[in-house]
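Please keep the sequence and the structure in view while reading.

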Amino acid sequence: MGSTDQQPTNGGPDLSHLGYSPIVKVSEPWTVEKVLEKIDEKPREDSKSALSFLHMLERLKTTKREGWRRFGIQRGESISDHMYRMSLISMFAPVSLRPKLDLYKCMRMCLIHDMAELLVGDITPVDGVPKPEKNRREAATMDYLTKNLLRGVPGGPDVGDEIRSIWQEYEDSQTLDSHFVHDVDKIELLLQMVEYEKKGDGKLDLGEFAYVSRKMTLPEMQTWGEEIIREREEFWGSVNHIHGEKGVEGGIREETRAQQEDYYQRS
């Protein structure tokens, strides 16, 4: 992508916020319409072009993953950063799993599963939003994106139905493909956890997130999670740190553990 040497002039618009979309706060009950009223540009629902839908996807690039922000990482990964690496991780599915999976669908599921967060935001286990309410908000957003924004687009309803179906399969978590992608989601989080800790030169303990290694279900993926935990232990060595994979015994507060248990309870 090209660039110029042009600098902002005194008195010009503040451009520092352009790469970041904060979570939109609205009154209860949460609705898609309330959020849309607060974003910069409300998309057209009567368009015969997919551009309104594609412009909305930009919010995935500018909405940060909130779990890291809670630990002071303000310029961390976006939602789309997370989903992109997930899709690549899925391409390395263990040999014993590969014949049983629809890897093409799994890659798409990786790129779709958090799409609703472009309006809902990244709700974390400690945010106090009950899981049924989180699911309601996300389902309403997916309906809006795949139906309202694509109904007038040639071929749009078919594409929308496919996206909505793949998202629902992930949410329902009843198929091997969805179980695999749920585990990939956790692998990506664990990788990022270790990477941030290393970049923080031991001044940042993100061990709370190691808990997700306990919530992986496929043995082959559990092995990957254990490998990342070993890598983390090698980094910390004898320095005292949180062992989230051990739950409360590893230093996680009971309240946080309960919130995590509820959050990662599958349908």
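Predicted model: local features only at pLDDT ≥ 70, side-chain atom pairs only at ≥ 80, totals over all residues.

## Pockets and cavities

The second largest pocket has a volume of about 310 Å³. Lining the second largest pocket are 18 residues, and I23, K25, I123, D127 and V129 are the ones nearest its centre. Helix 3 provides the largest share of this lining, namely 3 residues. Sorted by class, the lining of the second largest pocket contains 8 nonpolar, 2 polar and 8 charged residues.

The largest pocket has a volume of about 570 Å³. Its lining consists of 20 residues, with I39, D40, E41, E58 and R59 nearest the centre. The lining of the largest pocket is made up of 8 nonpolar, 5 polar and 7 charged residues.

Rolling a probe the size of a water molecule over the atoms shows where empty space is left. How many cavities of 30 Å³ or more does a search of the whole structure find? The search finds 2.

The largest cavity has a volume of about 600 Å³. It is lined by 32 residues, and those nearest its centre are I123, K134, D185, Y263 and Y264. Several helices contribute at least two residues each to this lining: helix 3 (66–69), helix 7 (131–148), helix 8 (156–172), helix 9 (176–199) and helix 11 (254–263). The lining of the largest cavity comprises 10 nonpolar, 9 polar and 13 charged residues.

The second largest cavity holds about 30 Å³ of space. Its lining is formed by S21, P22, I23, V24, R59, T63, E117, L118, L119 and G121. Helix 6 (residues 117–120) gives the largest share of this lining, with 3 residues. By class, the lining of the second largest cavity has 5 nonpolar, 3 polar and 2 charged residues.

In soluble globular proteins, nonpolar side chains tend to be buried together. The largest nonpolar core of this model has 62 residues, among which M56, M115, L145 and F180 touch the most other members. Helix 9 gives the most to this core, contributing 9 residues.

Which residues does F180 touch, not counting residues up to four places away in sequence? The contacts of F180 are S90, A93, P94, L97, L101, L103, C106, L218 and M221.

Two of these contacts, L103 and C106, are also among the buried residues of helix 5. Helix 5 (residues 103–112) is largely enclosed by the rest of the structure, because 7 of its 10 residues are buried. The buried residues are L103, K105, C106, R108, M109, C110 and I112. The elements that cover them include helix 4, helix 7, helix 8 and helix 9.

## Salt bridges

The structure contains 25 salt bridges. The table presents three of these pairs.

| Pair | N to O distance |
|---|---|
| R85 and E195 | 2.9 Å |
| R136 and E133 | 2.8 Å |
| E197 and R232 | 2.8 Å |

The side chains of R85 and E195 meet in a salt bridge. R85 belongs to helix 4 (residues 79–90) and E195 to helix 9, so this pair ties together parts that are 110 residues apart in sequence. R85 has a relative accessible area of 22% and is partly exposed. E195, at 24% relative accessibility, is also counted as partly exposed.

The pair of R136 and E133 lies within helix 7, where the two residues are 3 residues apart, about one turn of the helix. R136 is partly exposed, at 36% relative accessible area. E133 counts as buried because its relative accessibility is 19%, and buried means under 20%. Both residues take part in a network of salt bridges that links E28, E133, R136 and R137.

E197 forms its salt bridge with R232, and the pair links distant parts of the chain, with E197 in helix 9 and R232 in helix 10 (residues 219–236), 35 residues apart.

Note on methods. Residues numbered from 1 in each chain as written. Heavy atoms only, no water. 1 Å grid on protein atoms, 1.4 Å probe; cavity = no way out; pocket = protein on both sides within 12 Å on 5 of 7 lines; lining within 4 Å. Points joined across faces, edges and corners; volume = space filled by probe spheres on them. Helix = DSSP H or I, 4+ residues; strand = E, 2+ residues; numbered from the N terminus. Nonpolar A, V, L, I, M, F, W, Y, C, P; charged D, E, K, R; others polar. Core = buried A, V, L, I, M, F, W, Y, C linked by side-chain atoms within 4.5 Å. Buried < 20%, exposed > 50% of the residue type's maximum accessible area, 1.4 Å probe, protein only. Contact = heavy atoms within 4.5 Å. Salt bridge = Lys/Arg side-chain N within 4 Å of Asp/Glu carboxyl O.
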